Amino acid sequence: MEAWKLISKKLEPFQYTVWTEFTPLAIKYNAVNLGQGFPAFKCPEFAKQALIDATNSDENQYSRSQGYLPLCQELARVYSSKYNREINPLTEIAVTIGASEGIMCALLGMVNPGDEVVMIEPCFDLYIPQTAIFGGIPVGVPLTPPTPGENQWTLDFDRLEAAFNERTRVFMINTPHNPIGKVFTRQEIEKIAEILEKWPNVCIISDEVYEYITYDGREHISIANFGNLWDRTVVFGSAGKIFSVTGWKTGWAIGGADAIKKITTAHMWNTYCSNTVAQGAIARMLRIADEPYIGFPNYYEWMKNEYTRKREILHNLLKNATKIGVDPIIPEGGYFMCARVNPSLIESSYLENTTYDFAFCRWMTEKLGVCAIPCSAFYLDHHKQDGENLVRFALCKDYKDYEAAEKLLS
Ligand code: GLN
């Protein structure tokens, strides 16, 4: 091959994602897409109106690189009250092109070649390439899956502690968790924080984009508020997840000023700033979200109630899905439900050169018309077998999608 055709060595190992395979596959087979996590329903009317209002007030030019000031001020208000501390809108907030770009900027600003990044597995797939692209070494600490009939994934704290050493530069946590829906409890976060206190040079990336989606009265707890961790922690949030506008690609980080500066420095050379009109709209939306909404005390309670209903529907659907015989694990938060798959169901042609979960998802999309995501995609190469018997279904789809899936799978 001519040399110019070669992709850079940094990107060479990372030319595949499940998202670019499975969403087109679902479209090709006209399948019900319970795979990629984007809402299949409309965003709230107040979001559309806020975007119109921001456009009409001509908020259309580059914003301040770190974030459009009206949005930073609203975020400071929201999170100061959540975290019970005064957050400085100028220095303790960064607005990015979704949490994905924000995490990339955080890793660019934190990781030197050879540094180790400890992450809890499974983990959202992009943590792994984003770490490796900057020369970091991902170190996975797998969670222990629930035994059949149980729903709780557990963290082995000795194993976590053993993952840290002088080369560890970053620790990454995600709660509520994608893909498994674990919500770390106060006791768990406390124990993790105790380990982190022993490693004062480690920065913390806490992905909390599903912060408002917890079930059965569970509390969302952020590690940023434990001990002295605030200064070296960046916490990610996402307007896409909160307001069902994933295509607006607007997220943010809050955290200690020195930690946030690593993100804003990288972001300044990457896109310079995020989309101003979306930022202007989101500033308005964060105010409206606190007001009573369709019979609920606020928008967040309405949203939680919607996902709680869909969790129930999807759980029943999967329990009764006789054509696939899966064993669903009930999530504690977030917008996904994982299920253990029956290892002897599908045609052997699907099993060549791949793991069972991938074969299963391709088969289910093509033959039954329902798409899900294989969970080995959320593990490092040497731990992929841990995810091979699991597939992930999205909770963020429309009621009619679950009705259709029920007919196709039972
Ligand atoms: N967060 C979404 C999911 O887990 C996917 C995001 C993406 O497509 N990169 O499904």
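Reader: Which residues does threonine 23 touch, when residues up to four places away in sequence are not counted?
Author: The structure is a predicted model, and in it threonine 23 lies in helix H1. Once residues up to four places away in sequence are set aside, the residues that threonine 23 touches are Asn33 and Gln36.

Reader: Is threonine 23 buried or exposed?
Author: The relative accessible area of threonine 23 is 14%. A residue counts as buried under 20% and as exposed over 50%, so threonine 23, with its 14%, is buried.

Reader: What are the bounds of the two domains, and how many Å separate their centres?
Author: The chain is divided into domain 1, with residues 3-43 + 297-409, and domain 2, with residues 45-288. The contact takes 41 residues from domain 1 and 47 residues from domain 2. When the centres of domain 1 and domain 2 are taken over C-alpha atoms, the separation is 23 Å.

Reader: Which residues are in contact with isoleucine 324, leaving aside its neighbours within four places in sequence?
Author: With its neighbours within four places in sequence left aside, isoleucine 324 is in contact with Leu318, Asn342, Leu345, Phe360, Trp363, Met364, Leu368, Phe393 and Leu409.

Reader: Which helix gives the largest share of the lining of the largest pocket?
Author: The largest pocket has a volume of about 1,100 Å³, and of the 43 residues that line it, the closest to its centre are Thr17, Trp19, Phe124, Asp125 and Leu126. Two or more lining residues come from each of helix H1 (18-28), helix H4 (98-110), helix H5 (127-133) and helix H8 (239-242). The largest share, five residues, comes from H4.

Reader: Is valine 341 buried or exposed?
Author: Valine 341 sits in the loop between strand E10 (336-340) and helix H12 (356-368). Beyond the residues up to four places away in sequence, valine 341 touches Val326, Tyr356, Phe360, Glu388, Asn389, Leu390 and Val391. Because its relative accessibility is 8%, valine 341 counts as buried.

Reader: How many Å is the backbone oxygen of leucine 229 from a polar atom of the side chain of threonine 233?
Author: Threonine 233 is in strand E7, residues 233-238, and is buried, with a relative accessible area of 0%. From a polar atom of this threonine 233 side chain to the backbone oxygen of leucine 229, the distance is 2.7 Å.

Reader: In which loop is proline 179 found?
Author: The peptide bond from asparagine 178 to proline 179 is cis, with omega near 15 degrees. The bond from threonine 175 to proline 176 is likewise cis, with omega near -15 degrees, and proline 176 lies in the loop between strand E5 (168-174) and helix H7 (186-197). Proline 179, too, is found in the loop between E5 and H7.

Reader: What is the phi of aspartate 216, which is not a glycine?
Author: Most residues other than glycine have a negative phi. Aspartate 216 is found in the loop between strand E6 (203-207) and E7, and at 58% relative accessibility it counts as exposed. Although aspartate 216 is not a glycine, its phi is positive, at about 55 degrees.

Technical notes: Residues numbered from 1 in each chain as written. Predicted model: local features only at pLDDT ≥ 70, side-chain atom pairs only at ≥ 80, totals over all residues. Heavy atoms only, no water. Contact = heavy atoms within 4.5 Å. 1 Å grid on protein atoms, 1.4 Å probe; cavity = no way out; pocket = protein on both sides within 12 Å on 5 of 7 lines; lining within 4 Å. Points joined across faces, edges and corners; volume = space filled by probe spheres on them. Helix = DSSP H or I, 4+ residues; strand = E, 2+ residues; numbered from the N terminus. Domains from an automatic or database assignment. Buried < 20%, exposed > 50% of the residue type's maximum accessible area, 1.4 Å probe, protein only. Polar contact = N/O pair within 3.5 Å; in protein donor to acceptor, adjacent residues only side chain to side chain.
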